Amino acid sequence: MKYACELCGYVYDEQSGDHRSGVTPGTEFGQLPEHYECPGCGCGKEAFDPVRPAGRLQTQSHARVRLRK
């Protein structure tokens, strides 16, 4: 899962961790220390919101139409 800082847009990816802050890959957001700060702007964990995966675009199927000449 990914979490984005609502102030600067930094995205914390649980699979990648945060090497700048010493957080190893696979660390869930809830397991981050309470004093964790956004490496982009320095805000605390409360500034992060879960990133929801974008849904698939729904497309309409178009029937082939014969055009008159």
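C5 is buried, at 3% relative accessibility, where buried means under 20% relative accessible area, exposed over 50% and partly exposed in between, with a 1.4 Å probe and protein chains only. This is a predicted model, in which local features need pLDDT of at least 70, side-chain atom pairs count only at pLDDT 80 or more, and totals for chains, interfaces and linings use all residues. Residues are numbered from 1 along each chain as its sequence is written, and side-chain values use heavy atoms, with hydrogens and water left out.

**Cysteines**

The structure holds zero disulfides. C5 takes part in none, and its nearest cysteine sulfur, in C41, is 3.7 Å away. A disulfide is counted when a pair of cysteine sulfur atoms lies within 2.5 Å.

**Strands and sheet**

The protein chain has three strands and zero helices; along the sequence, the pattern reads β-β-β. Helices (H or I, at least four residues) and strands (E, at least two) are DSSP runs, numbered from the N terminus. The three strands make an open sheet in the order β2-β1-β3, with antiparallel pairing.

Two strands pair if DSSP finds at least two bridges between them. Strand β1 covers residues 2–5 and pairs with β2 over three bridges. Within that pairing, A4 has V11 of β2 as its bridge partner. β1 and β2 form a hairpin with five residues between them, and G9 in the turn has a positive phi of about 90°. β1 also pairs with β3 in the antiparallel sense, over four bridges. On that side, K2 stands opposite V51 in β3.

**The loop between β2 and β3**

Both G17 and T27 are in the loop between β2 and β3. Contact means heavy atoms within 4.5 Å.

| Residue | Relative accessible area | In contact with |
|---|---|---|
| G17 | 10% | Y10, Y12, V23, T24, P25 |
| T27 | 13% | Y12, E14, L32 |

G17 counts as buried, and T27 is buried as well. Y12 is in contact with G17 and with T27. From G17 to E28 the C-alpha distance is 8.3 Å, with 11 residues of separation in sequence. The side chain of T27 reaches the backbone oxygen of T24 at 2.7 Å.

**The whole chain**

Of the 69 residues of the protein chain, 28% count as buried. Among contacts with a separation of 6 or more, 39% are between residues 24 or more positions apart. The accessible surface comes to about 6,000 Å², and 48% of this belongs to carbon and sulfur atoms. Accessible areas come from the Shrake-Rupley method with a 1.4 Å probe; for residues, only the protein chains shown count as cover.

Technical notes: Polar contact = N/O pair within 3.5 Å; in protein donor to acceptor, adjacent residues only side chain to side chain.
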